[in-house]
Amino acid sequence: MSVQCGLVGLPNVGKSTIFNALSNAGAEADNYPFCTVDPNVGVVPVPDERLPQVKELAGSPETVPTTIEFVDIAGLVEGAAEGEGLGNQFLANIREVDAIIHVVRCFEDEGVAHVAGSVNPTRDVEVINTELLLKDLETVEKRIDKVGAAAKKGDQEAAEELSLYERLHDHLSEGHWARSFEVSEPNRSLVDELFLLTEKPVLYVANVDETALPDGNEYADQLRAIAREEGTQVVVISAELEAQMADLEPDERRLFLEDAGLRRSGLERLVHAAYDVLDLITFFTADEKGAYAWTVERGTRAPQAAGQVHSDFEEGFIKAETIHFSDLDEAGSEAAAREAGLIRTEGKDYVVEDGDVMEFRFNV
Ligand code: GDP
C-alpha cells in the first residue's frame with residue numbers, strides 16, 4: 001500500500017526545506033527502494049524501532065522498512081482556485097494524495113519574505129483552506145447543475161441527489177470541510193465520487209525556529225487552537241534544523257538530536273503523525289531474505305494484509321501464523337515462542353493488529 005501525503009502551504013513557509021530533508025533522510029537509509037521518477041515525490045522509509053528486533057529474533061539477514069510518499073505541492077496562493085499563481089495545477093496533485101500536510105510559517109525571519117508581510121498562522125491557514133473550499137464548491141456546483149437538469153425533467157433519483165448536493169453546498173459555504181459533512185451510508189458514495197479536497201485528512205506542521213523547540217511558540221499555539229477545533233494534530237518542527245540533520249550520518253544525527261534535547265527527529269514525528277491521521281498500522285513478516293514492515297489501514301483482515309506482500313497470497317489465503325511483536329520479543333526467539341505456544345493460527349476473518357508478526361499460508 002503506497003500512501004501519499006501532499007505538502008501544501010503558502011510560499012516561503014518551508015515546504016521545500018521539509019521535503020528535501022525528508023528525501024535526503026530517505027536516500028541514506030539502508031535497503032529502501034529510493035526512486036526519483038518525479039522530483040516532487042520523495043519516498044521515505046517509515047522509522048520503526050521494532051523492525052531491527054524482528055530481524056534479530058527471526059534471524060533474517062536485513063531489514064526492509066515500509067515507506068510513505070511525500071509530494072511537494074507548490075503553487076497554492078490566494079486566488080489559486082481562480083487561476084492565480086500556478087493556479088489550478090495544484091489541484092490535480094492534491095486530488096491524488098491520501099492526506100494533506102499543511103505547513104504553516106511559525107518563525108520570524110526578516111531575511112525570508114512573507115507573502116502577506118507578517119507572520120500570522122490563523123490568517124495563513126484560512127487563506128489556504130479557503131482556496132480548497134472554493135475549489136470544492138465549484139465541483140459541487142457543477143454537479144448540482146448536472147443533476148438539477150435531470151431533476152427538472154422529472155427524474156426522481158436526480159431530485160434526491162440534488163437535495164443532498166444542495167445540503168453539501170450549504171455545509172461548504174458555511175466554511176465547514178466536506179470531512180465533517182454527515183451523510184447516511186447509502187449516500188456516502190455520492191459524496192465520495194466527487195473526490196473533494198476538503199474530504200482528506202489534514203495534519204498541520206508548525207515550522208518554528210530551532211530556539212522554539214520542542215514545544216513551539218505563540219504562533220504554534222494559534223495553530224493548535226485551529227487543529228483542536230478541526231479535530232486534528234499539530235507537529236512542531238524546525239525545517240532548517242531537519243535540513244541540517246538530514247546531511248548527517250545516522251550516529252551523528254543521534255548526537256545532534258540529544259544536544260537539541262529531542263528524542264525523535266521532527267521528520268520521524270511527522271511520519272508517525274501522518275500514520276495516525278490516516279489510521280494506518282504496521283505489521284511484519286520475516287524470512288530468510290529479510291524482515292519486512294508493511295502498511296495497512298486499521299481494520300484490515302488477514303487475507304488483504306497478505307495481499308500487500310503478494311497478490312497471490314490474498315487469493316490463495318489459507319491461514320496466518322501470527323504472534324504479536326511484544327510476545328515474540330519476550331520469548332526471545334521464534335523457536336522459543338513456538339515452543340511456548342504463543343504463535344496463533346488465524347483465519348480469514350482475523351483483523352490485523354499493529355505490531356503483528358505474520359507468516360501466511362496459501363494455495364497457489
Ligand atoms: P516553500 O516556498 O514553502 O517551499 O519554502 P522554502 O522551503 O523554500 O523556504 C523558504 C525560505 O525560508 C528558505 O530561504 C528557507 O531557508 C527559509 N526557512 C525555512 N524554514 C525555516 C525556519 O525554520 N527558520 C528560518 N529562519 N528560515 C526558514
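With 364 residues, a compact globule would have a radius of gyration near 21 Å, and this protein comes in at 23 Å, which agrees. Keep in mind that you're looking at a predicted model.

Now let's turn to the charges. Side chains of opposite charge can pair when their charged atoms come close. This structure holds 16 such salt bridges. Take Glu321 and Arg338, whose closest N and O atoms are 3.2 Å apart. Glu321 sits in strand S10 and Arg338 in helix H14, so their bridge ties together parts that are 17 residues apart in sequence. Glu321 counts as buried because its relative accessibility is 12%, while Arg338, at 39%, is partly exposed.

You'll find another bridge between Glu346 and Arg344, at 2.8 Å from N to O. Here Glu346 is buried, with a relative accessible area of 17%, and Arg344 is partly exposed at 31%. Some bridges also share partners: that's how Asp48, Arg50 and Asp354 get joined into one network.

What about charges on the surface? Glu108, Asp109, Glu110, Asp209, Glu210, Glu218 and Glu240 form a negative surface patch. One of them, Glu218, belongs to helix H7, which covers residues 218-230. Glu218 counts as exposed because its relative accessible area is 60%, and the cut-off for exposed is over 50%.

Note on methods
Residues numbered from 1 in each chain as written. Predicted model: local features only at pLDDT ≥ 70, side-chain atom pairs only at ≥ 80, totals over all residues. Heavy atoms only, no water. Patch = residues over 30% accessible without salt bridge, like charges linked within 9 Å, V, L, I, M, F, W, Y side chains within 5 Å. Areas by Shrake-Rupley, 256 points an atom, 1.4 Å probe, with all protein chains shown as cover. Salt bridge = Lys/Arg side-chain N within 4 Å of Asp/Glu carboxyl O. Lys, Arg positive; Asp, Glu negative; His and termini not counted. Charge placed at Lys NZ, Arg CZ, Asp CG, Glu CD. Helix = DSSP H or I, 4+ residues; strand = E, 2+ residues; numbered from the N terminus. Buried < 20%, exposed > 50% of the residue type's maximum accessible area, 1.4 Å probe, protein only. Rg over C-alpha atoms; globule rule 2.2 N^0.38 Å.
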